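Have the structure open as you read.

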Amino acid sequence: DRGLTECDKTLACGHPCFSSPDAACGPCLVEGCAANKSKQVATDLCTICYVDELRGGSVAHLKCGHCFHVDCLRRKIQSKWPAARITFGYLNCPTCGQTAQCDALQELMAEHLDFRQAVRGKMLIRLKYEGLTQSDKLTDPKSPYYKNPLALAEGTLAYYQCFTCSKPYFGGYQQCEAGNDDDESYNAEQLICSGCVPSGDFQRCMIHGTDFIEYKCKYCCNVAVWYCWGTTHFCDMCHSPPRKSVRVECPGEELCPLKLKHLPNGQEFAIGCALCRSNDKEAKK
(Lines give C-alpha, C1' and ligand atoms only; values in the text may rest on other atoms or scores of the structure.)
Protein backbone atom coordinates (compact mmCIF):
# COMPACT_ATOMS: atom_id res chain seq x y z
CA ASP A 1 0.00 0.00 0.00
CA ARG A 2 1.53 3.29 -1.12
CA GLY A 3 -0.50 5.20 1.47
CA LEU A 4 -0.16 9.00 1.34
CA THR A 5 3.31 9.10 -0.17
CA GLU A 6 3.69 11.45 -3.14
CA CYS A 7 6.21 9.32 -5.04
CA ASP A 8 4.60 7.29 -7.84
CA LYS A 9 7.60 5.15 -8.68
CA THR A 10 7.89 1.41 -8.25
CA LEU A 11 11.21 -0.04 -7.11
CA ALA A 12 13.04 -2.82 -8.94
CA CYS A 13 11.82 -5.29 -6.31
CA GLY A 14 8.24 -4.49 -7.29
CA HIS A 15 7.30 -2.60 -4.13
CA PRO A 16 6.24 1.06 -3.97
CA CYS A 17 8.74 3.80 -3.24
CA PHE A 18 7.99 5.87 -0.14
CA SER A 19 10.69 8.47 -0.74
CA SER A 20 10.16 12.13 -1.48
CA PRO A 21 9.60 12.81 -5.18
CA ASP A 22 12.29 15.51 -4.90
CA ALA A 23 14.99 12.95 -4.12
CA ALA A 24 16.36 9.75 -5.56
CA CYS A 25 14.45 6.65 -4.53
CA GLY A 26 15.69 5.13 -1.33
CA PRO A 27 15.85 1.44 -0.38
CA CYS A 28 12.71 -0.62 -0.10
CA LEU A 29 10.88 -0.29 3.22
CA VAL A 30 8.62 -3.33 2.88
CA GLU A 31 9.15 -5.82 5.69
CA GLY A 32 10.56 -9.13 4.55
CA CYS A 33 11.69 -7.86 1.16
CA ALA A 34 15.23 -8.96 0.23
CA ALA A 35 15.85 -5.47 -1.12
CA ASN A 36 15.13 -3.83 2.23
CA LYS A 37 18.57 -2.61 3.33
CA SER A 38 17.09 -0.01 5.67
CA LYS A 39 17.04 -0.18 9.47
CA GLN A 40 13.29 0.42 9.41
CA VAL A 41 10.11 -0.72 7.67
CA ALA A 42 7.17 1.22 6.22
CA THR A 43 4.87 0.33 9.11
CA ASP A 44 7.21 1.80 11.76
CA LEU A 45 6.11 5.05 13.37
CA CYS A 46 8.10 8.14 12.44
CA THR A 47 10.17 8.74 15.58
CA ILE A 48 9.87 12.51 15.25
CA CYS A 49 6.09 12.83 15.23
CA TYR A 50 5.26 9.41 16.79
CA VAL A 51 1.81 9.75 15.18
CA ASP A 52 1.91 8.27 11.68
CA GLU A 53 3.64 5.32 10.13
CA LEU A 54 6.48 6.09 7.75
CA ARG A 55 4.33 5.04 4.80
CA GLY A 56 1.85 7.78 5.74
CA GLY A 57 3.98 10.45 4.07
CA SER A 58 7.07 11.08 1.99
CA VAL A 59 10.12 9.52 3.63
CA ALA A 60 13.57 11.05 4.04
CA HIS A 61 16.34 8.44 3.95
CA LEU A 62 19.36 9.76 5.88
CA LYS A 63 22.89 8.66 4.99
CA CYS A 64 23.18 7.05 8.43
CA GLY A 65 20.37 4.65 7.45
CA HIS A 66 17.52 6.06 9.55
CA CYS A 67 14.23 7.25 8.07
CA PHE A 68 11.71 9.94 9.02
CA HIS A 69 8.89 11.84 7.39
CA VAL A 70 10.33 14.59 5.19
CA ASP A 71 7.89 17.14 6.63
CA CYS A 72 8.71 16.14 10.23
CA LEU A 73 12.43 16.49 9.57
CA ARG A 74 11.90 19.83 7.82
CA ARG A 75 9.93 21.23 10.76
CA LYS A 76 12.60 19.99 13.18
CA ILE A 77 15.33 21.80 11.26
CA GLN A 78 13.32 24.99 10.77
CA SER A 79 12.53 25.12 14.51
CA LYS A 80 16.29 25.26 15.20
CA TRP A 81 17.62 25.18 18.79
CA PRO A 82 15.07 24.93 21.64
CA ALA A 83 16.28 27.69 23.99
CA ALA A 84 18.10 31.03 23.83
CA ARG A 85 21.66 29.76 23.33
CA ILE A 86 22.61 28.42 19.90
CA THR A 87 23.09 24.66 19.87
CA PHE A 88 23.24 22.33 16.88
CA GLY A 89 21.64 19.10 18.06
CA TYR A 90 18.69 19.86 15.79
CA LEU A 91 20.92 19.14 12.77
CA ASN A 92 21.58 15.60 13.95
CA CYS A 93 19.70 12.38 13.34
CA PRO A 94 17.31 11.93 16.31
CA THR A 95 18.23 8.24 16.48
CA CYS A 96 22.03 8.05 16.22
CA GLY A 97 23.18 11.66 16.63
CA GLN A 98 25.14 11.87 13.38
CA THR A 99 24.76 15.00 11.25
CA ALA A 100 21.63 14.47 9.17
CA GLN A 101 22.46 14.14 5.48
CA CYS A 102 19.39 14.01 3.30
CA ASP A 103 18.95 14.51 -0.45
CA ALA A 104 15.31 15.56 0.02
CA LEU A 105 16.30 18.54 2.22
CA GLN A 106 19.69 19.35 0.74
CA GLU A 107 19.15 23.12 0.30
CA LEU A 108 17.66 23.58 3.77
CA MET A 109 20.44 21.58 5.41
CA ALA A 110 23.12 23.47 3.46
CA GLU A 111 21.82 26.79 4.79
CA HIS A 112 21.94 25.60 8.40
CA LEU A 113 25.30 23.87 8.01
CA ASP A 114 26.75 27.14 6.66
CA PHE A 115 25.41 28.90 9.74
CA ARG A 116 26.98 26.26 12.00
CA GLN A 117 30.32 26.71 10.27
CA ALA A 118 30.14 30.49 10.77
CA VAL A 119 29.37 30.10 14.49
CA ARG A 120 32.18 27.59 14.98
CA GLY A 121 34.62 29.92 13.24
CA LYS A 122 33.69 32.74 15.61
CA MET A 123 34.00 30.37 18.57
CA LEU A 124 37.56 29.36 17.69
CA ILE A 125 38.63 33.01 17.35
CA ARG A 126 37.02 33.84 20.69
CA LEU A 127 38.60 30.80 22.35
CA LYS A 128 42.04 32.17 21.50
CA TYR A 129 41.18 35.71 22.62
CA GLU A 130 39.90 34.40 25.97
CA GLY A 131 43.20 32.56 26.50
CA LEU A 132 41.49 29.18 26.52
CA THR A 133 43.72 27.70 23.80
CA GLN A 134 46.30 27.36 26.60
CA SER A 135 43.86 25.50 28.86
CA ASP A 136 45.04 22.25 30.41
CA LYS A 137 41.72 20.80 29.25
CA LEU A 138 43.27 20.59 25.80
CA THR A 139 46.48 18.91 26.98
CA ASP A 140 45.15 16.51 29.61
CA PRO A 141 44.56 13.07 28.00
CA LYS A 142 41.78 12.46 30.54
CA SER A 143 39.91 15.59 29.53
CA PRO A 144 36.88 15.25 27.22
CA TYR A 145 38.36 18.20 25.29
CA TYR A 146 41.83 16.68 24.81
CA LYS A 147 43.32 18.11 21.59
CA ASN A 148 39.86 19.29 20.53
CA PRO A 149 39.59 23.10 20.73
CA LEU A 150 36.27 23.11 18.86
CA ALA A 151 34.69 20.83 21.46
CA LEU A 152 36.07 23.05 24.23
CA ALA A 153 34.64 26.14 22.53
CA GLU A 154 31.23 24.52 22.06
CA GLY A 155 31.24 23.28 25.64
CA THR A 156 32.36 26.59 27.18
CA LEU A 157 31.28 29.61 25.15
CA ALA A 158 27.72 30.82 24.67
CA TYR A 159 26.58 32.22 21.35
CA TYR A 160 23.21 33.70 20.47
CA GLN A 161 21.46 34.80 17.29
CA CYS A 162 20.76 38.50 17.07
CA PHE A 163 17.05 39.22 16.67
CA THR A 164 17.80 42.31 14.59
CA CYS A 165 20.46 41.17 12.08
CA SER A 166 20.24 37.35 12.55
CA LYS A 167 24.04 37.09 12.97
CA PRO A 168 25.57 34.94 15.74
CA TYR A 169 27.27 36.83 18.57
CA PHE A 170 29.27 36.04 21.70
CA GLY A 171 27.19 36.11 24.90
CA GLY A 172 29.64 35.06 27.62
CA TYR A 173 30.25 31.67 29.19
CA GLN A 174 27.78 28.85 29.49
CA GLN A 175 28.47 28.62 33.23
CA CYS A 176 26.93 32.09 33.55
CA GLU A 177 23.55 31.01 32.22
CA ALA A 178 22.42 29.82 35.66
CA GLY A 179 19.89 27.36 34.26
CA ASN A 180 18.45 29.72 31.67
CA ASP A 181 19.67 27.53 28.82
CA ASP A 182 16.70 25.21 29.37
CA ASP A 183 14.15 28.02 29.46
CA GLU A 184 12.08 27.81 26.29
CA SER A 185 10.07 30.91 27.25
CA TYR A 186 12.92 33.35 26.56
CA ASN A 187 12.16 36.57 24.73
CA ALA A 188 14.02 36.39 21.40
CA GLU A 189 13.61 40.15 20.96
CA GLN A 190 16.03 40.69 23.87
CA LEU A 191 18.83 38.86 22.05
CA ILE A 192 20.68 41.73 20.38
CA CYS A 193 24.29 41.68 19.20
CA SER A 194 26.72 44.49 20.04
CA GLY A 195 26.42 45.93 16.55
CA CYS A 196 22.66 46.34 16.92
CA VAL A 197 22.45 47.37 20.58
CA PRO A 198 21.72 51.11 20.97
CA SER A 199 24.96 52.31 22.55
CA GLY A 200 27.37 55.22 22.75
CA ASP A 201 29.35 56.73 19.90
CA PHE A 202 31.39 53.54 19.47
CA GLN A 203 29.36 50.89 17.68
CA ARG A 204 31.83 49.33 15.24
CA CYS A 205 35.59 48.81 15.10
CA MET A 206 36.96 49.63 11.64
CA ILE A 207 39.37 46.68 11.93
CA HIS A 208 37.46 43.98 13.83
CA GLY A 209 33.84 44.90 13.24
CA THR A 210 31.48 44.27 16.16
CA ASP A 211 32.65 40.88 17.47
CA PHE A 212 34.98 42.30 20.13
CA ILE A 213 33.18 45.44 21.24
CA GLU A 214 33.46 45.75 25.03
CA TYR A 215 30.79 47.10 27.36
CA LYS A 216 30.69 48.70 30.77
CA CYS A 217 28.78 46.96 33.52
CA LYS A 218 25.11 47.80 33.20
CA TYR A 219 24.74 48.60 36.89
CA CYS A 220 27.98 50.43 37.81
CA CYS A 221 31.05 52.16 36.34
CA ASN A 222 33.32 49.14 35.90
CA VAL A 223 34.35 47.24 32.78
CA ALA A 224 32.01 44.31 32.17
CA VAL A 225 33.48 40.83 32.53
CA TRP A 226 30.31 38.80 32.23
CA TYR A 227 27.50 38.86 29.66
CA CYS A 228 24.53 36.88 30.97
CA TRP A 229 21.45 35.57 29.19
CA GLY A 230 22.59 37.22 25.97
CA THR A 231 21.19 40.53 27.20
CA THR A 232 23.05 41.98 30.21
CA HIS A 233 26.67 42.99 30.89
CA PHE A 234 28.04 42.63 34.44
CA CYS A 235 31.32 43.33 36.22
CA ASP A 236 32.50 40.71 38.73
CA MET A 237 31.07 42.63 41.67
CA CYS A 238 27.57 42.95 40.19
CA HIS A 239 27.57 39.45 38.74
CA SER A 240 27.39 37.34 41.89
CA PRO A 241 24.51 37.34 42.50
CA PRO A 242 23.31 39.13 39.36
CA ARG A 243 22.00 42.59 40.15
CA LYS A 244 18.70 43.94 38.90
CA SER A 245 19.17 47.58 39.91
CA VAL A 246 21.87 50.28 39.84
CA ARG A 247 24.61 49.72 42.43
CA VAL A 248 26.03 53.22 42.30
CA GLU A 249 25.28 56.36 40.33
CA CYS A 250 28.09 57.63 38.09
CA PRO A 251 29.91 60.55 39.81
CA GLY A 252 30.43 62.26 36.46
CA GLU A 253 33.01 62.04 33.68
CA GLU A 254 35.97 63.46 35.66
CA LEU A 255 35.49 61.13 38.65
CA CYS A 256 34.11 58.12 36.79
CA PRO A 257 36.39 55.03 37.15
CA LEU A 258 36.08 54.56 33.39
CA LYS A 259 37.15 58.15 32.72
CA LEU A 260 34.51 58.63 30.05
CA LYS A 261 31.07 60.02 29.50
CA HIS A 262 28.47 57.28 29.22
CA LEU A 263 24.76 56.61 29.43
CA PRO A 264 23.27 56.49 32.95
CA ASN A 265 23.91 53.27 34.86
CA GLY A 266 21.07 50.86 34.23
CA GLN A 267 21.52 51.03 30.45
CA GLU A 268 23.83 49.06 28.17
CA PHE A 269 26.86 51.01 26.90
CA ALA A 270 29.71 50.02 24.57
CA ILE A 271 33.23 51.18 25.52
CA GLY A 272 35.30 50.09 22.53
CA CYS A 273 37.04 47.18 20.78
CA ALA A 274 38.64 44.78 23.27
CA LEU A 275 40.88 43.24 20.61
CA CYS A 276 42.32 46.61 19.59
CA ARG A 277 42.97 47.45 23.23
CA SER A 278 44.61 44.05 23.74
CA ASN A 279 46.84 44.59 20.69
CA ASP A 280 47.78 48.06 21.95
CA LYS A 281 48.86 46.61 25.29
CA GLU A 282 50.99 43.95 23.55
CA ALA A 283 52.64 46.60 21.36
CA LYS A 284 53.61 48.69 24.40
CA LYS A 285 55.34 45.80 26.19
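This is a predicted model: local features need pLDDT of at least 70, side-chain atom pairs count only at pLDDT 80 or more; totals for chains, interfaces and linings use all residues.

Residues are numbered from 1 along each chain as its sequence is written, and side-chain values use heavy atoms, with hydrogens and water left out.

How many salt bridges does the structure hold? There are five, where a salt bridge is a side-chain nitrogen of Lys or Arg within 4 Å of a carboxyl oxygen of Asp or Glu.

Start in helix α1 (residues 70-79), which contains both arginine 74 and aspartate 71, three residues apart, or about one turn of the helix. Helices here are DSSP runs of H or I with at least four residues, numbered from the N terminus. The closest N and O atoms of this salt bridge are 2.8 Å apart. Arginine 74 is partly exposed at 26% relative accessible area, and aspartate 71 is partly exposed at 42%; the term covers values between buried (under 20%) and exposed (over 50%), using a 1.4 Å probe and protein chains only.

Next, find arginine 120 and glutamate 154, whose side chains form a salt bridge of 2.8 Å, N to O. This pair links distant parts of the chain, 34 residues apart: arginine 120 belongs to helix α2 (residues 106-129) and glutamate 154 to helix α3 (residues 149-156). Arginine 120 is partly exposed, at 24%, and so is glutamate 154, at 27%.

Finally, glutamate 130 meets arginine 126 in a salt bridge of 3.0 Å, N to O. Glutamate 130 is partly exposed, with 25% relative accessible area, whereas arginine 126 is buried, with 10%.

Conventions
Helices (H or I, at least four residues) and strands (E, at least two) are DSSP runs, numbered from the N terminus.
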